[in-house]
Amino acid sequence: MQPPPLLEALPFAGLLLSIALLPMLAPRFWHRRLGAIAVFWSLVFLLILAVHDGLGAAFAEGWSALLTEYLPFVSVLLALYATTGGILIRGGPGGTPASNTVWLAAGTLLAGVIGTTGASMVLIRPLLRANAHRAQKIHIVIALILLIGNAGGALSPLGDPPLYLGFLQGVPFFWPLRHLALPLLFFATPVLAGFYLLDRRSARAAPPPEPRGRLRLRGRWHLVLIALINLAVLGQAIWHPGTVRLFGAAIGGERLAASLLFLALAGLASAITPLAVREANLFEWAPLVEIAKLFPAIFITITPVLALLATRTQTPLSATANFWGSGLASAFLDNAPTYLIFFRQAGGEGLPPDDALRAISAGAVLFGGLTYIGNAPNMMIRTVAAQRGIRMPRFFGYTGLAALALAPALGLVWAVFFR
């Protein structure tokens with residue numbers, strides 16, 4: 001494989017540095033001009049590509065990324081965000097170290113059923129509401145990102161995009177449950193234990209939580225819509241009507257139909273959600289708008305970076321290299337195409353051996369919480385928390401804290417399963 005010119009990878013590096021540095025150095029400029037910054041780096045990449053390959057090739061590259069990668073990505077996120085925004089959880093135990101730990105453990109399991117984005121958006125609001133009496137809540141949000149926003153997706157193809165890609169490539173539906181449940185247990189146990197100890201220490205300086213009352217749930221029809229979203233995701237592996245070409249770019253008919261269905265379900269969820277539920281959830285579109293503005297640039301500029309990565313992974317890799325390689329790459333790149341690169345490197349035209357696939361899958365899912373861009377729910381969770389007055393750390397600060405929390409768990413998983 002001929003690698004692309006290194007110059008083509010620089011816009012993605014510039015975008016990554018913008019995400020990391022501008023919120024810290026120029027926060028007002030970043031929040032007001034986020035969309036313009038994303039467009040700038042996209043145009044820089046397309047200009048470099050146009051000089052190298054021609055204007056037509058540059059247009060085709062950008063349009064293909066938007067149609068085949070961004071549209072399916074943002075449509076399902078929109079559907080999940082709109083439907084989960086109509087689910088209101090009230091009451092139940094909350095605000096104590098034990099109940100917070102139980103919430104996180106239950107949410108980790110739920111993420112395998114309704115996806116990391118769905119589970120994160122359903123549970124972050126009641127979890128923060130239960131801990132409203134706390135002054136220190138950053139550790140709660142970080143634990144939610146690590147466990148519910150990422151690791152919990154390991155149990156099924158519905159949980160996380162990389163495993164869904166594996167399902168589309170022929171990996172059996174229950175393969176993740178059989179092969180990743182134990183690594184997830186060894187990962188989640190030290191993270192939950194460390195969280196409980198930290199949360200118990202934090203709780204000593206806080207007033208006691210108010211009585212919560214019995215657990216109540218509003219928005220049962222929204223649960224039906226979430227089930228329809230999951231069925232649409234699964235349906236793409238079964239129904240293949242052929243390829244559709246739009247303005248020169250090809251997209252699978254099933255992906256286009258699913259994207260349109262997701263948009264319709266998002267509209268329906270918004271229409272049937274009572275205003276009182278939205279107000280109680282402090283629902284705003286800002287977390288999704290930030291994702292919608294930023295990720296087109298990521299999908300457009302990331303292509304040469306992934307191509308360079310593919311040229312570096314042509315020889316067979318050990319389980320250790322697959323685990324750490326796919327994991328670290330997924331933390332800073334899009335974990336779905338990163339997974340696919342390692343998947344194809346290990347399996348060629350067929351499925352990789354179970355030991356290689358297990359290492360690749362675990363790495364792609366468990367490392368996602370290392371950075372804010374490691375998985376789509378991360379930035380959404382951060383924005384929701386920030387809107388509720390929680391001063392979340394900047395990019396490097398968060399990555400440092402996440403690395404401290406993840407290192408023992410990832411080291412244990414590696415030592416037991418992939419050394």
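Is Gly 85 buried or exposed? This is a predicted model. In it, Gly 85 has a relative accessible area of 0%, so the residue counts as buried. The glycine sits in the loop between α3 (55-84) and β1 (88-90).

Leaving aside residues up to four places away in sequence, Gly 85 touches Arg 125, Thr 273, Val 277, Asn 281 and Phe 283. Phe 283 is 198 residues away along the chain, yet the two C-alpha atoms are separated by 6.4 Å.

Next, the nonpolar cores. The largest has 101 residues. Within it, Phe 73, Leu 104, Phe 187, Leu 294 and Phe 295 touch the most other members. Helix α4 (residues 97-130) gives the most to this core, contributing eleven residues. Another core, of 16 residues, lies apart from it; Ala 79, Ala 82, Leu 158 and Leu 225 are among its members.

Phe 187 has contacts beyond four places in sequence with Leu 146, Leu 147, Ala 151, Leu 366, Leu 406, Ala 409, Leu 410 and Val 413.

The surface also carries nonpolar residues. Trp 221, Val 224, Leu 228, Leu 231, Leu 268 and Ile 272 form a patch there, with about 590 Å² of accessible area together. Helices α8 (220-235) and α9 (253-272) each supply at least two of its residues. α8 gives the most, with four. Val 224 lies in helix α8.

| Residue | Relative accessible area | Class |
|---|---|---|
| Gly 85 | 0% | buried |
| Val 224 | 39% | partly exposed |

Definitions and conventions: Residues numbered from 1 in each chain as written. Predicted model: local features only at pLDDT ≥ 70, side-chain atom pairs only at ≥ 80, totals over all residues. Heavy atoms only, no water. Buried < 20%, exposed > 50% of the residue type's maximum accessible area, 1.4 Å probe, protein only. Contact = heavy atoms within 4.5 Å. Core = buried A, V, L, I, M, F, W, Y, C linked by side-chain atoms within 4.5 Å. Patch = residues over 30% accessible without salt bridge, like charges linked within 9 Å, V, L, I, M, F, W, Y side chains within 5 Å. Areas by Shrake-Rupley, 256 points an atom, 1.4 Å probe, with all protein chains shown as cover. Salt bridge = Lys/Arg side-chain N within 4 Å of Asp/Glu carboxyl O.
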